[in-house]
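Q: I would like a close look at a single part of this protein, with the surroundings described carefully enough to set up further analysis.

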Amino acid sequence: MVMEVANGRLASVRPDPESPFSLGYACAKGLATPELMYHPSRLLAPLKRVGERGAGSWKVVGWDEALGEIAAALRAIKDQHGAREIALGQGTARHHYCHVRRFANQLGTPNWYEPGLANCFLPRVTASYFTYGGLLVGDFYGATPPRTVVIWGCNPVVSNPDGKLGFRVRDALRGGAFGIAVDPRRSETARLCDLWLPVRPGTDAALALAMCHVIIAERLYDEAFVQKWTVGFDELARHLAAFSPAWASKVTGIPAEDIDRAARRYATAGPAAIEWGVAIDQNVNSFQTARALCILRALTGNIDNPGGEIFGESRLRSYPLQRTGLNKAAVKGRLGANDFKLLGGPAAIVPSAHIPALFRAMRTGEPHPIRALLTFGNNPLLTVANASDVREALARLELFVAVDMFLTPSAALADYVLPAAFWPELDQVSELPAFAPLAVVAQHRVVRTGQCRSDEEIIDELARRMGLPGSDKAVGEILNHRLEPLNVTFEDMKETPTRFYPPRYSRYREQGFATPSGKVELLSQSLARLGYDSLPTYREPPESPVSSPAATRTFPYVLTTGMRRAEYFHSEQRQSARMRKRRPEPVAELHPETAAANTVRNRDWVVIRSPRGAIKMRAHVSTNIVPGVVAVEHGWWFPEQGPGGDAFASNANVLTADGPPYDPAMGSYQLRGLLCSVERLREDDPLNGRD
Ligand SMILES: Nc1nc2c(c(=O)[nH]1)N[C@H]1C(S)=C(S)[C@@H](COP(=O)(O)OP(=O)(O)OC[C@H]3O[C@@H](n4cnc5c(=O)[nH]c(N)nc54)[C@H](O)[C@@H]3O)O[C@H]1N2
Ligand SMILES: Nc1nc2c(c(=O)[nH]1)N[C@H]1C(S)=C(S)[C@@H](COP(=O)(O)OP(=O)(O)OC[C@H]3O[C@@H](n4cnc5c(=O)[nH]c(N)nc54)[C@H](O)[C@@H]3O)O[C@H]1N2
Ligand SMILES: [Mo]
C-alpha cells in the first residue's frame, strides 16, 4: 500500500501498482483505513474501569499506572495460583500473533488461544502436514494457469483468505479455467464457476470421499504418481468402496451425476487446484474432511506442479518463541490438550488451549480456575460460539484486560482497556500466503495516533515490568533477527518492502515429502498411533435433520453462519460510515421456497431461532442459495448505540453451539450446519426496536 502522510496524519491509503504480490489491488476495508484511524470513537488512551463491570464508567489513566497495576495483578496470580490460571487470547492471526505466543511462554502459561487453531485454517494445515508434509496453495502465480479450479467452502473473490489474493482466482476463472463450486450458496466466486454443487452444510466429507471413490473406481488417478509417491493406496481403495456417489447424494443433497461429473473433470482436466475455505473447519468433522481433500489432490498428482498446487518456501528465521519458558508439567495443564491432541498436544503444529474448555473453566472453575484473561485484538462476545456463555465467562474473571482500537462489546466488560496501534502505526514483517509463502512483506510505521501502542510494545513492557525471561529482547530486534537469512535489516526493507519469489516445482523428487515415510500418506500410521482414523471417514453433524429428526419439527432448516462480506472483517468496521452505507444491516440469505413457507418477503426483518437463542436479521430472498438452508452474517453489533453496542440482537453466535461433540483431533465446534427456524419479526417481539 502507498500511504500518504500530511502534517503527521495519514491522508490516504492507495494500492501500490508496483507491488509484485498485490499487483495494485486493494479492498474496500483497506481504503477506509484513514476513516477508522481518526474515528471519533477510537480509543486513544488507557482506560480503567470504575464502578461495576460492564456499567460503562471509565477513568482515563496513564500507561505507567495501567501497566504497573496489570503487571502487579498478574504477578500475584502467578505467585499464588500458578501461571496456568492466566489466559491469553487473540483473534485471527495478525502482526502480533507470535508475540502473544511468546508472551504465554514467558509467563509460563499453556493457556492461550486463537480462533483459527480449532476452527479456522489449522485443521486444513494440520491435515496437509500429516498427508504430505506441508500446506499446498493453488498455483495462480506461475506461467501455467490452472485448467480446473475447485472452490470448496471458500469465497476468495470476497475474502482473500490466509494471505492469498482473490483477484488471481477470479482472473483464472474469467480466463477460461473450468470452475466447480462446493457451497450451499452461489457465492460471488461460485457465480464465476461452471458447475455448482450446493452441499448441505457440514457434509463436505461425504462429497470428498465420493469424488475419491469415482476417481479410483474409474481409474482416473495419476497411476505413476500414486505408485511412486504414496503409501496406503490399496487400503484406501478398499475403504472407499462404500462411499459411492449414490450414497453421498443422499447425504449432501447433490445429484449423483454432478458428483461424477465433478470428479471426472477434476481428475482429467488438470492441472487443477482446490481453493478450500473455512467452511471445512467449522464443523465437528473438520480434520477428516480436510484429509479427504488432501487425498483428492494426491490421487490426481496435483502436488507441487505448475498450474496445480504448490508448497511455497519459508525464507525467514522462525520467531523466537522463548519456548524454554514452558516446562513439561505446564504443557500438561493446557486445557483441552489431552482430548484434542492435534490442537493442544505435542503433535500439534501450533499447540494452544481449546476455546470451549477455556471459557468453561472461566465460568465454572473446572478443572481449575482461570482468573485472568488478556485479549489482544479479539472480540469473543461476537466471534466465539454461544455468546451468552461467553458473557458469563468474561463476567467472572478477576482480571480482564482488552487491547483493542475500539470499545467493543467484549472490551466493555474489561477492567482495563488498552489502546492498540492500527496497522499504519506499527512495524511488522510477514510471509504470504500463510504456511506456503511466496512473498516477504515488510511494513514500516508511518504515523502515531494519541497514546496508542502496538500489541508487541505493550507485551514487551509488561514482560519487562514482570522481569520475565527474554524481556531484554524487544520486537524491533526480533524483526531484524528474522530477516537475517535475507541479508537485510528491517530498515533496508523500506526500499523494496515486498519481495516476491516465483514458485519452484516438484522439489519432492529430490527431497521426498516431509512425512515419516517420505511419501504422501494416504493411510497415516502416525494418526493411528495417536488414536485417530488413519483413513478419512464421514461423521454426520450432531445437530442435523438426520441426527436429530425430532428437533426439525421446531427447527426445520439447516443454518450456516459467517459468509464473508467485502465491507467487514468479522466484527470490525461497523463504525465506518463508508462501509455501513454499502451494507447497513445484518442479512440472512434464504431461498424463495423457504421464504414462502414462512410468509417472509424479501427485505422483511426476520427472527432466526436455534436451540440456543434468537436474533433478528434482514431477509435476502434469493435463488443463489439452496432451499432449506439459511445463511446468516456474523459479527454484527451496533457501535452507534454507544460503547458496547447491542451485542445480542443480531449476533450469529447467539445461535451457535460450543458444547460437545467436537472434532476428535482438533476440537472444532460447529459454526456451520446447525438447525434453525425462520419467521417474520412480529410487532411484539422483544427483538423489535433493538438494533
Ligand atoms: N458464527 C461465526 N463465528 C465466527 C466465524 C464464522 O464464520 N461464523 N468465523 C471465525 C473465524 S474464522 C475467526 S478467525 C474469528 C475472528 O475473531 P476475532 O479476531 O475476534 O474477530 P474480529 O472481529 O476481527 O475482532 C478482532 C478485534 O481486534 C481489533 N483489532 C484489529 N486490529 C488490531 C490490532 O492490530 N491490535 C489489536 N489489539 N486489536 C486489533 C478489532 O477492533 C476487533 O475488535 O471469528 C470466528 N467467529
Ligand atoms: N472481507 C472479509 N474478508 C475476510 C474475513 C472477513 O471477515 N471479511 N475473514 C478472514 C478470515 S479470518 C477467514 S477464516 C477467511 C475465510 O474465508 P472463506 O473461507 O472464503 O469464508 P466464508 O466466506 O465465511 O465461507 C466461504 C463459503 O462457505 C460457504 N459455506 C457455508 N457453510 C458451508 C458448508 O458447510 N460447506 C461448504 N462447502 N460451504 C459452506 C459460504 O456460503 C461461503 O460462501 O476470510 C478472511 N477474509
Ligand atoms: Mo478465520
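Between which domains does ligand 2 lie, and why?

A: In this predicted model, ligand 2 lies between domain 2 (137–309) and domain 3 (549–680), because both of these domains give residues to the shell around it. The domain assignment of the protein also gives a domain 1, made of the two segments 42–117 and 328–500.

The shell around ligand 2 holds 32 residues, and the closest of them are Ser-159, Asp-183, Asp-204, Arg-565 and Tyr-568. Sorted by class, that shell is made up of 15 nonpolar, 10 polar and seven charged residues. Among the polar approaches to ligand 2, a side-chain N or O atom of Arg-185 is found 2.8 Å from an oxygen atom of the ligand, while a polar backbone atom of Gly-202 is 2.9 Å from an oxygen atom of ligand 2. A nitrogen atom of ligand 2 is also approached, with a polar side-chain atom of Lys-29 at 3.1 Å from it. Taken alone, ligand 2 would expose 920 Å², and the protein buries 97% of that area.

For the individual polar approaches, a nitrogen atom of ligand 1 is 2.8 Å from a side-chain N or O atom of Asn-653, whereas oxygen atoms of ligand 1 are approached by a polar side-chain atom of Arg-672 at 3.1 Å and by a polar side-chain atom of Gln-282 at 3.2 Å. Ligand 1 taken alone exposes 920 Å², of which the protein buries 97%.

It remains to describe how domain 1 and domain 2 meet. Their centres, taken over C-alpha atoms, are separated by 36 Å, and the contact between them takes seven residues from domain 1 and six residues from domain 2. Together the two domains bury about 490 Å² between them, with 82% of this area on carbon and sulfur atoms. On the side of domain 1 that touches domain 2, the residues divide into seven nonpolar, no polar and no charged. Between domain 1 and domain 2 the count of salt bridges is zero, and one residue pair is in polar contact, with both residues at pLDDT 80 or more.

How values were computed
Residues are numbered from 1 along each chain as its sequence is written. Chains are lettered from A and ligands numbered from 1 in the order in which they are written. This is a predicted model: local features need pLDDT of at least 70, side-chain atom pairs count only at pLDDT 80 or more; totals for chains, interfaces and linings use all residues. Side-chain values use heavy atoms; hydrogens and water are left out. Domain bounds come from an automatic or database domain assignment. Contact means heavy atoms within 4.5 Å. Buried area is the accessible area (1.4 Å probe) that two parts lose on being put together, summed over both. A salt bridge is a side-chain nitrogen of Lys or Arg within 4 Å of a carboxyl oxygen of Asp or Glu. A polar contact is a pair of N or O atoms within 3.5 Å; within protein, one must be able to donate a hydrogen and the other to accept it, and residues adjacent in sequence count only if both atoms are side-chain atoms. Ala, Val, Leu, Ile, Met, Phe, Trp, Tyr, Cys and Pro count as nonpolar, Asp, Glu, Lys and Arg as charged, and the others, Gly among them, as polar. A residue is near a molecule or strand if one of its heavy atoms lies within 4 Å of it. Accessible areas come from the Shrake-Rupley method with a 1.4 Å probe; for residues, only the protein chains shown count as cover.
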